[in-house]
Amino acid sequence: MDLERMIVASKNLVRTGWMQKGIPPPIGETVADHSFEAAVIAYYLARKLGEKGINVNPDHAAVLALFHDAGESVLGDLPKWTTERINKKDAEKEAFDEFGFGKELFVEFKEQKTIESKIAKISDRLSTYLQSERYMKQGYEVKEIAESYLPEIENMISDYPITLIKDFIENVIRSKAFKE
């Protein structure tokens, strides 16, 4: 798969979880929408950690978040039921072989050994949580998705060094501005 096909597929692939909860495809968040938001959040969180004296590369955190779901442009956005029953990580690695680039970014994201990968992951979760809040505000029944992500986010912000920006992340969760 070439670069253009990967980008086009990501821009047109509506995230499955939203459709399963009744979000109409024309207003459904795409994989590209989600990855962009996660990347911007990752960049910002990494900068916040840098301000706290943590040696972190905001650009790298953003790139990890940007690529974390790129494999879905080959696989599709598999529903949670499926991902709990198959080895999605290996399938996604193979998807990156189709592109010929970016596999190392995906592996780093999945292994969670670097601060940048941890920031990218919490940014992924925050993006999904914030989108669920936006959909609830529009009257869609996605509370289950929001509630499933909060404990994971709370667990992530209790680990050092992410705990240094815990207050900021909690403010993002509570903020109405992010949910517009």
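How many salt bridges does the structure hold? The structure holds nine salt bridges, a salt bridge being a side-chain nitrogen of Lys or Arg within 4 Å of a carboxyl oxygen of Asp or Glu. The views below come from a predicted model, in which local features need pLDDT of at least 70 and side-chain atom pairs count only at pLDDT 80 or more, while totals for chains, interfaces and linings use all residues. Residues are numbered from 1 along each chain as its sequence is written, and side-chain values use heavy atoms, with hydrogens and water left out.

**View 1. The salt bridge between Glu144 and Lys21.** The closest N and O atoms of Glu144 and Lys21 are 2.7 Å apart. The pair links distant parts of the chain, 123 residues apart, with Glu144 in helix α10 and Lys21 in the loop between α2 and α3 (31–51); helices (H or I, at least four residues) and strands (E, at least two) are DSSP runs, numbered from the N terminus. Glu144 counts as exposed at 55% relative accessibility, whereas Lys21, at 28%, counts as partly exposed; here buried means under 20% relative accessible area, exposed over 50%, and partly exposed in between (1.4 Å probe, protein chains only).

**View 2. The salt bridge between Glu92 and Lys110.** These two side chains meet at 4.0 Å, N to O. Glu92 lies in helix α7 and Lys110 in helix α8, so the pair ties together parts that are 18 residues apart in sequence. Glu92 counts as buried, at 1% relative accessibility, while Lys110 counts as partly exposed, at 34%. From Glu92, Ala70 is 22 residues away in sequence and 8.4 Å away in space, C-alpha to C-alpha; Ala70 has its place in the loop between α4 and α5 and, at 7% relative accessibility, counts as buried.

**View 3. Asp69, buried yet without a salt bridge.** Asp69 lies in the loop between α4 (58–67) and α5 (72–75). The nearest side chain of opposite charge, Arg15, is 4.7 Å away, where Lys and Arg count as positive and Asp and Glu as negative, and His and the chain ends are not counted.

**View 4. The lining of the largest pocket.** The lining consists of 31 residues, of which Leu78, Lys80, Thr83, Lys88 and Tyr149 lie nearest the centre of the pocket. A pocket is an open set of points on a 1 Å grid over the protein atoms alone, where a 1.4 Å probe fits, with protein on both sides within 12 Å along at least five of seven lines, and lining residues have an atom within 4 Å of a point. The largest share of the lining, five residues, comes from α10. By residue class, the lining divides into eight nonpolar, seven polar and 16 charged residues (Ala, Val, Leu, Ile, Met, Phe, Trp, Tyr, Cys and Pro count as nonpolar, Asp, Glu, Lys and Arg as charged, and the others, Gly among them, as polar).

**View 5. The cis peptide bond between Tyr160 and Pro161.** Omega is about 5° for this bond, and Pro161 lies in the loop between α10 and α11 (166–174).
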